[in-house]
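Please look over the sequence and the model together before reading on. The report below moves from charged pairs to strands, cores and aromatic rings.

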Amino acid sequence: RLLLSFDSPPKVDTFAMSPDGRRLTLGSRDGYVRVWDLAIGGVIHYVQLNASDFGNDEQTPPPIDALAYKPDGSCILCASGSSIVELNPGSLLPVAEAVTVPYKGVRCIAVFDQLAVGLEDGTIAVLDTKAFSTVREWKAHDKAVIAIVFNSLGTRLSSASDDGTARVWDVRTCKRIVVIYAIACAVAFST
């Protein structure tokens, strides 16, 4: 069913589904974050984030590079460059100051008990969700990591890359479990 159409549709660069499956959050290069309620079929919240929301002095809105809900739905993590801000899913207002992760080129994020970050250089980093400090990192792909997701137990991580592979990793050991040679732009686990 068509939820909503625009005369000039916004370009969507990233998205995240709420854990309860009721809301879809979209992020774009113009700094907008939009939350859609799938039951009513429309946008219920939107905001154009400023560079200052990410701790920058720039005048132009930052591109939204990645979005992810915390598993309990309590906040949306929003990444731009090497900064991450937590947004209240009900108002899209920042709930804390932005944190800068020790990596450049964040392309995708996933959250379970930890935060997984896929980077432009093919690295995957796993960070603590409170201090955003690095727990472990490894060179996962030859090119940019473009999608990343935890399994339902948080023990496995799947990643897709511009190198033409999708891979599954053991989160604790960082060991590759399987590699699939395919052009992939998204990855998912079944329950």
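## Salt bridges

A salt bridge is counted here when a side-chain nitrogen of Lys or Arg lies within 4 Å of a carboxyl oxygen of Asp or Glu. The model under discussion is a predicted one, in which local features need pLDDT of at least 70 and side-chain atom pairs count only at pLDDT 80 or more, while totals for chains, interfaces and linings use all residues. Residues are numbered from 1 along each chain as its sequence is written, and side-chain values use heavy atoms, with hydrogens and water left out.

The structure holds 7 salt bridges. One of them joins the side chains of D162 and R107, with 3.9 Å from N to O. Strands, like helices, are DSSP runs numbered from the N terminus (strands are E, at least two residues; helices are H or I, at least four). D162 lies in the loop between β14 (156–161) and β15, whereas R107 belongs to strand β9, so the pair ties together parts that are 55 residues apart in sequence. Relative accessible area sorts residues into buried (under 20%), exposed (over 50%) and partly exposed (in between), using a 1.4 Å probe and protein chains only. By that scale D162 is partly exposed at 43%, and R107 is likewise partly exposed at 29%. R107 and D162 are also linked with E120 in a network of salt bridges.

A further salt bridge is formed by the side chains of K70 and E86, at 3.6 Å from N to O. This pair links distant parts of the chain, since K70 sits in the loop between β5 and β6 and E86 in strand β7, 16 residues apart. K70 counts as buried at 19% relative accessibility, and E86 counts as buried at 17%. The side chains of D20 and R22 meet in a salt bridge at 3.7 Å, N to O, and R22 is exposed, with a relative accessible area of 51%.

## Strands and their pairing

Two strands are said to pair if DSSP finds at least two bridges between them. β1 pairs with strand β2 (residues 23–27) in the antiparallel sense over 4 bridges, and T14 has G27 of β2 as its bridge partner. The hairpin of β1 and β2 has 5 residues between the strands, and within this hairpin G21 takes a positive phi near 75°.

Elsewhere, 4 strands form an open sheet in the order β5-β6-β7-β8, with antiparallel pairing. β5 and β8 (99–100) stand at the edges, each with a single partner strand, so one side of each is left without a neighbour in the sheet. Within this sheet, β6 and strand β7 (residues 83–87) run antiparallel and are joined by 5 bridges, and S80 stands opposite S83 in β7.

## Nonpolar cores

A nonpolar core is a set of buried Ala, Val, Leu, Ile, Met, Phe, Trp, Tyr and Cys residues joined through side-chain atoms within 4.5 Å. The largest such core has 17 residues, and those with the most contacts inside it are L77, V106, I109, L115, V117 and L127. At least two residues of this core come from each of β5 (66–69), β6 (76–80), β9 (106–111), β10 (114–119) and β11 (123–128). Apart from it lies another core, of 14 residues, among them A110, V126, W138 and C174.

Contact means heavy atoms within 4.5 Å. Not counting residues up to four places away in sequence, L127 touches V101, P102, Y103, Q114, L115, V117, F132, S133, T134 and V135.

## An aromatic pair and a buried aspartate

Rings of Phe, Tyr and Trp (its six-membered ring) pair if their centres lie within 6.5 Å, and planes under 30 degrees apart count as stacked, over 60 as edge-to-face and the rest as tilted. The structure holds 3 aromatic pairs. One of them, formed by F112 and F150, is tilted, with 6.1 Å from centre to centre and 40° between the planes. F112 is in the loop between β9 and β10 and F150 in strand β13 (residues 145–150), 38 residues apart. F112 is partly exposed at 23% relative accessible area, whereas F150 is buried at 9%.

D170 is found in strand β15 (residues 165–170) and counts as buried at 16% relative accessibility. Leaving aside neighbours within four places in sequence, D170 is in contact with T155, R156, K175 and I177.
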